[in-house]
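Take a look at the fold below. We will walk through it one part at a time.

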Amino acid sequence: MKQKVAILPSLLAGNFGRLEESALKAQAAGGDALHLDIMDGHFVPNLTMGPDVVRMAHSCLRIPLSVHLMLTRPDYLVDAFIEAGSATLLIHAEAQCDVAKTLRRIREKGIRPGLALNPETPAAALDPYWGAFDEVLCMTVHPGFGGQAFMPEVLPKLSEIFTRARQGRGEESVVDLGVDGGIDLETVKQAAGAGANIIIAGSSLFKAADMSQALAAMRTAAEQSWTVADDS
Ligand code: DX5
Ligand code: ZN
């Protein structure tokens, strides 16, 4: 596995009347990248933002953008999100499209492809695609909304993917493992302890009285817990 823990604030928890300000706040607080949640009202029961918001963030930030496509047909829109300035594009394994082809398309355009798994989707869903993604994102809530409770039942799957990636050779050995949903100062320890090195956090960071301090504390907790996972 790649080893550095990264903390990504999720713009979904920002102020939708002042999204640019929220994006800049995430960067100033020390976010390693910004996570943007794109929802289509079909794959998940909510609508959020489109390529123009990604373009806005790209134009005002130095940190990279990690764009999480909760879309039934991500293949229709990957080009628009690439063009808008995504650095990483995550599609769902449950999407109703040719997932391998869509991941290939993302890579061909020079963008990092990632594959996200809903809480109930088993690690085996990754099997046809190893080598086609650089990151696995395990959802620890049902996607669609911020502010939900962390689902600890996803932890065994995280450990399974972490172990598989560490034991793998070549293609399997270079993936990052992300976690998304309900992450706070306590649950981050469980997630990083199971091997997650990319930490997405919305509410707990944006609602903190001091976002920089909350992010730094989350980083320390994640790094300490991840080291334990790596030693096991
Ligand atoms: C949920 C999104 C998450 C969300 C996390 O569908 O994918 O990225 O922003 O928000 P919190 O951290 O509030 O659970
Ligand atoms: Zn997300």
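Start with helix α4, which spans residues 99-108. Keep in mind that this is a predicted model. Four residues of α4 are buried: V99, T102, L103 and I106. Why do they lie on the same side of α4? They cover an arc of only 100 degrees around the axis, and that puts them on the same side. The spacing follows a general rule. An α-helix has 3.6 residues a turn, so residues three or four places apart point the same way.

The face turned away from the buried side carries K101 and E108, and both are exposed. What does the buried side pack against? Its buried residues meet α3 (78-84), β4 (88-92) and β5 (112-117).

The two ends of α4 have details of their own. At the start, D98 sends a side-chain oxygen to within 3.4 Å of the backbone nitrogen of A100. Just after the helix, G110 takes a positive phi of about 85 degrees.

The largest nonpolar core holds 74 residues. Within this core, L34, L36 and I199 have the most contacts. Helix α8, residues 211-231, gives the most to the core, with eight residues. Look closely at I199. Set aside its neighbours within four places in sequence, and I199 still touches V5, A6, I7, L8, V179, I183, V188, M218 and A222. There is also a second, separate core. This one has ten residues, including A6, L8, A33 and A116.

Now find ligand 1. There are 19 residues around it. Which come nearest? They are S10, G144, D180, G202 and S203. Some polar side chains can be followed to the ligand's oxygen atoms. A polar side-chain atom of S203 lies 2.5 Å from an oxygen of ligand 1. For S10, an N or O atom in the side chain is 2.7 Å from a ligand oxygen. For H68, the corresponding distance is 3.3 Å. How much of ligand 1 does the protein bury? Taken alone, the ligand exposes 380 Å², and the protein buries 99% of that.

Finish with S10. This residue lies in the loop between β1 (6-9) and α1 (19-28). Is S10 buried or exposed? Its relative accessibility is 4%, so S10 counts as buried; the cut-off for buried is under 20%. Beyond its neighbours within four places in sequence, S10 is in contact with H35, D37, I200, A201, G202 and F206. One of these, G202, is also among the residues that come nearest to ligand 1.

Definitions and conventions:
Residues are numbered from 1 along each chain as its sequence is written. Chains are lettered from A and ligands numbered from 1 in the order in which they are written. This is a predicted model: local features need pLDDT of at least 70, side-chain atom pairs count only at pLDDT 80 or more; totals for chains, interfaces and linings use all residues. Side-chain values use heavy atoms; hydrogens and water are left out. Buried means under 20% relative accessible area, exposed over 50%, partly exposed in between (1.4 Å probe, protein chains only). The arc is that of the directions from the helix axis to the C-beta atoms. Contact means heavy atoms within 4.5 Å. A polar contact is a pair of N or O atoms within 3.5 Å; within protein, one must be able to donate a hydrogen and the other to accept it, and residues adjacent in sequence count only if both atoms are side-chain atoms. A nonpolar core is a set of buried Ala, Val, Leu, Ile, Met, Phe, Trp, Tyr and Cys residues joined through side-chain atoms within 4.5 Å. A residue is near a molecule or strand if one of its heavy atoms lies within 4 Å of it. Accessible areas come from the Shrake-Rupley method with a 1.4 Å probe; for residues, only the protein chains shown count as cover.
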